[in-house]
Amino acid sequence: MGITREKLLEVYAISVFAKQLDEKVQQLLMSGAINTTWFSWRGSELLGAVVGKSMRPGDYMVAYYRDGMSQMAKGSSPGKLFAEALGKVGGNQKGKSGWVHSIDLEAGVVMNSGVVGGQLPIAAGWALSSVLRGDNKVTVCNFGDGAANEGAFHEAMTLASLWSLPVVFVCHNNQYSEHTAFSKMSPVEHVADRAAAYNLPSVTVDGDDVVATWDAMESAIERARTGGGATLVEAMTYRFRGHTRYDPMAYIPSGEVDARLNDDPVIRFRNWLIADGHATDQELGVFDHQAAGEVEEAWEFAKSSPYPDADELHADVFGPSATV
Ligand SMILES: Cc1ncc(C[n+]2csc(CCOP(=O)(O)OP(=O)(O)O)c2C)c(N)n1
Ligand SMILES: [Mg+2]
């Protein structure tokens with residue numbers, strides 16, 4: 001039990017890559033080179049990396065629009081995600097889903113949604129499918145703190161507890177839901193405090209603390225896999241950028257974002273890896289360098305992929321048939 005050196009380095013590699021990819025996308029958006037809806041994950045790279053890396057390859061991930069870093073840590077191709085965000089044929093859904101509905105069945109990313117909270121009962125459904133099929137898989141469901149205020153949260157927690165489903169609900173509590181602070185939306189301090197009402201085990205962890213978050217994920221996944229049922233993990237994190245790129249963040253107390261930016265968790269983790277003897281500066285420098293190359297590869301892949309032909313409009317979609 002506990003995170004190995006190998007996994008610590010994998011978490012570092014994916015988080016530094018995710019940070020650089022997000023920065024590349026911001027730069028492309030601000031320069032007008034691309035135009036897409038992008039929900040920045042800056043500030044939560046470590047959390048996403050730990051969630052994806054703590055799962056088995058065959059496990060199911062139910063994603064949400066701000067957790068591309070978790071999906072990539074689970075094995076989803078960055079190039080295909082990027083192409084999907086741009087509506088290109090090379091994307092996971094050939095450009096028809098866009099970023100917020102991209103899934104990757106090969107990587108086990110089975111569901112994704114822009115409907116806030118909508119994925120929670122569906123995650124319970126995936127977990128129920130594992131019980132019925134006896135496939136010994138665990139479903140991990142990512143969602144935000146705002147999603148915990150949807151009725152769907154209540155439905156999912158109730159069923160997951162009642163039926164002892166093999167699911168781990170991971171709340172990425174970045175303390176804001178669009179333009180509203182969690183403290184203004186919730187009568188209890190933590191999402192995890194609500195678990196008692198469902199008789200569910202729960203924990204609140206510092207999502208920037210890789211070791212603590214790994215331990216929380218490992219024991220919740222183990223509980224789910226061994227018949228102990230569901231767990232609610234609340235990981236505290238922070239959203240470095242606005243909800244979308246058009247958000248001036250005027251509702252955030254002055255100095256709050258700067259204080260967070262000056263204590264970037266990815267840099268803090270890097271320093272800790274060195275200070276604690278897990279890696280040298282040179283070893284980590286190799287990952288930093290590789291990440292820069294992989295970001296360019298993903299961008300090149302997305303850029304060079306064509307847009308779908310107009311003939312494709314009705315293929316692979318529900319609704320009017322191709323003959324309409
Ligand atoms: C059912 C529903 N209600 C409202 C919205 C509009 N909306 C999009 S993102 C968002 C904020 C959700 O916040 P949170 O769950 O904390 O996730 P975060 O964006 O902070 O990662 C809202 C309200 C939506 N997409 N779906
Ligand atoms: Mg939030």
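Tutor: Let us begin with Glu 283, which is partly exposed because 13 other C-beta atoms lie within 10 Å. A residue counts as buried at 20 or more such atoms and as exposed at 12 or fewer. Please bear in mind that this is a predicted model.

Student: Where does Glu 283 lie?

Tutor: Glu 283 belongs to helix 10, residues 281-304. Glu 283 and Phe 301 are 18 residues apart in sequence and 27 Å apart in space, C-alpha to C-alpha.

Student: How does one read the sides of a helix?

Tutor: An α-helix has 3.6 residues a turn, so residues three or four places apart point the same way. Take helix 9, residues 265-275, in which Pro 265, Phe 269, Arg 270 and Leu 273 are buried. Viewed down the axis of helix 9, these buried residues fall within an arc of 145 degrees, so they line one face of the helix. On the other side of helix 9, Ile 267, Asn 271 and Ala 275 are exposed.

Student: What covers the buried residues of helix 9?

Tutor: The cover includes helix 1 (5-31), helix 2 (45-53), helix 7 and helix 10. Beyond helix 9 comes Gly 277, with a positive phi near 80 degrees.

Student: Which residues have a positive phi although they are not glycines?

Tutor: Gln 175 is one of them, with a phi of about 75 degrees. Gln 175 sits in the loop between strand 4 (167-173) and strand 5 (176-177), and it is partly exposed because 15 other C-beta atoms lie within 10 Å. Met 249 is another case, with a positive phi of about 60 degrees. Met 249 lies in the loop between strand 8 and helix 8 (256-261); with 14 other C-beta atoms within 10 Å, Met 249 is also partly exposed.

Student: Which strands are joined to strand 3?

Tutor: Strand 1 (residues 60-62) runs parallel to strand 3 and is joined to it by three bridges; Tyr 60 stands opposite Thr 139. Six bridges join strand 3 to strand 4, and this pair is also parallel. Here Cys 141 stands opposite Phe 169.

Student: How far apart in space are Ala 107 and Gly 75?

Tutor: They are 32 residues apart in sequence and 5.2 Å apart in space, C-alpha to C-alpha. Ala 107 is found in the loop between helix 4 (78-85) and strand 2 (109-111). Leaving aside neighbours within four places in sequence, Ala 107 is in contact with Lys 74, Gly 75 and Ser 76.

Student: Finally, how many residues surround ligand 1?

Tutor: There are 15, the closest being Val 116, Gly 144, Gly 146, Ala 147 and Ser 177. By class, the shell has four nonpolar, seven polar and four charged residues.

Key: Residues are numbered from 1 along each chain as its sequence is written. Chains are lettered from A and ligands numbered from 1 in the order in which they are written. This is a predicted model: local features need pLDDT of at least 70, side-chain atom pairs count only at pLDDT 80 or more; totals for chains, interfaces and linings use all residues. A residue is near a molecule or strand if its C-beta atom, placed from the backbone, lies within 6 Å of it. Ala, Val, Leu, Ile, Met, Phe, Trp, Tyr, Cys and Pro count as nonpolar, Asp, Glu, Lys and Arg as charged, and the others, Gly among them, as polar. Helices (H or I, at least four residues) and strands (E, at least two) are DSSP runs, numbered from the N terminus. The arc is that of the directions from the helix axis to the C-beta atoms. Two residues are in contact if their C-beta atoms, placed from the backbone, lie within 7 Å. Two strands pair if DSSP finds at least two bridges between them.
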